[in-house]
Amino acid sequence: MQIDHDEIMRRAAAISPTLAKHARECDAARKLIAESMATMVTAGMFRIPQPRRVGGYELSLRTLADAITGLSQACPSSGWVLMVMGAHHWCMGSFARAAQDEVFGDGRDGLVAGTLSSQGVANKVDNGFRVDGRWQFCSGVDHADWVILGCADAATHAPMVHVVVPRSELELDDTWHVMGLHGTGSKDVVAHDVFVPAHRAIETRILFRGTSPHAANHATNLYRLSAEAMLSLSVSTAVLGSAKFALAQFIERTKERRVILTGARKAEHGPTQVRLAEAAAEIHSADLLIHDTLREFDRLMATGEAFDNLHRVRAKWQAAYAAELCRRAATRMFSASGAHVVYAPSALQAAFRNINVGAQHASIDFDSSAEIYARVRLGVSS
């Protein structure tokens, strides 16, 4: 069977009811339950961006994005874990072949959790690195076989290298007591003088710029994009899925609501209609911004054109603005939903929390993304 965009969308639609059924269980467990994770693995979701040479589908980032958005509408935590691990499986395409083979060879699923920000440190030694430190926000780590970690130089504290480590060599610390996205299990991992061979390491600068020589050893140009830009856009696709879910919930709830004092239908209330229209426009605009960037990614893949700094800052800014639009829409709908929305069973309240937590991700920080984009466009030196 040919695995293409349409087939992935068909599979995502087919597994969405199962993920939706278990969404509250995942939140209660503060990690994906085994059935939800197995459902996505069996459907091949994590293979979407994985290199073809090691059993992946090597499909476009548009396909990955649409799968993440769709699954996030069913279960925000499942969509988020796919987003994070999918980004890491994509990153593996820039590592040496030996690393790809070790993680995914012989048909293995691999399942790479981790944190791309340089929270720990690395010391260069013979034939590799020794790694120490603590990394937060390792989504899906309970189900991972491997963990990718950003490391700073132990002497200068500047970002230096990204390494891939077996999860069994790390300590897990359950710190995930948070406001939203409860079911992602985004716990801390701790490394104590862990040795990482050189083939499982890549310079951070090379990975983030999309200039790895190993990226050319594939059937497509998929891995010649900036990891920094790719992650930013991926985060916004998960936030978008939660926003689309929130909009559907708001419409459904508003159709049924009545004003307590008068009995009037909320659906006939002019200000409520305006809030709905504005929220829908914000979410649709976010979708358009995201897909505009994805079309540019597709063009760069097709032509092999170099991914330059303007591409990077534009992608990051459009991702950040899309997430901010979703956050504004969620706040607008939450504010128009009455007092009962504050109760825990409210699906709209859960979406409000999930969107606000997702939009806090450092890769889509609104202020810094806007400033960097504007400085590049204005020719102002950093």
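Q: How many cavities of 30 Å³ or more does a search of the whole structure find?
A: The model searched here is a predicted one. Over the whole structure, the number of cavities of 30 Å³ or more is 3.

Q: Which helices each supply at least two residues of the lining of the largest cavity?
A: The largest cavity has a volume of about 60 Å³. Its lining includes Leu 61, Met 230 and Phe 297. By class, the lining has 8 nonpolar, 2 polar and no charged residues. The helices that each supply at least two lining residues are H4 (61–74), H8 (227–256) and H9 (270–303).

Q: How far apart are the end C-alpha atoms of H8?
A: H8 has 30 residues, and at 1.5 Å a residue it should span 44 Å. The distance between its end C-alpha atoms agrees with this, at 45 Å.

Q: Which residue meets Arg 62 in a salt bridge?
A: Arg 62 is in helix H4, and its partner is in helix H9, 236 residues apart. Arg 62 counts as partly exposed because its relative accessibility is 30%. The N to O distance is 3.6 Å, and the partner is Asp 298.

Q: Is Arg 200 buried or exposed?
A: Arg 200 forms a salt bridge with Glu 102, with the closest N and O atoms 3.2 Å apart. Glu 102 lies in helix H6 and Arg 200 in the loop between strands S6 and S7, so the pair ties together parts 98 residues apart in sequence. A residue under 20% relative accessible area counts as buried. Arg 200 has 7%, so Arg 200 is buried.

Notes. Residues numbered from 1 in each chain as written. Predicted model: local features only at pLDDT ≥ 70, side-chain atom pairs only at ≥ 80, totals over all residues. Heavy atoms only, no water. 1 Å grid on protein atoms, 1.4 Å probe; cavity = no way out; pocket = protein on both sides within 12 Å on 5 of 7 lines; lining within 4 Å. Points joined across faces, edges and corners; volume = space filled by probe spheres on them. Helix = DSSP H or I, 4+ residues; strand = E, 2+ residues; numbered from the N terminus. Nonpolar A, V, L, I, M, F, W, Y, C, P; charged D, E, K, R; others polar. Expected span 1.5 Å × (residues − 1). Salt bridge = Lys/Arg side-chain N within 4 Å of Asp/Glu carboxyl O. Buried < 20%, exposed > 50% of the residue type's maximum accessible area, 1.4 Å probe, protein only.
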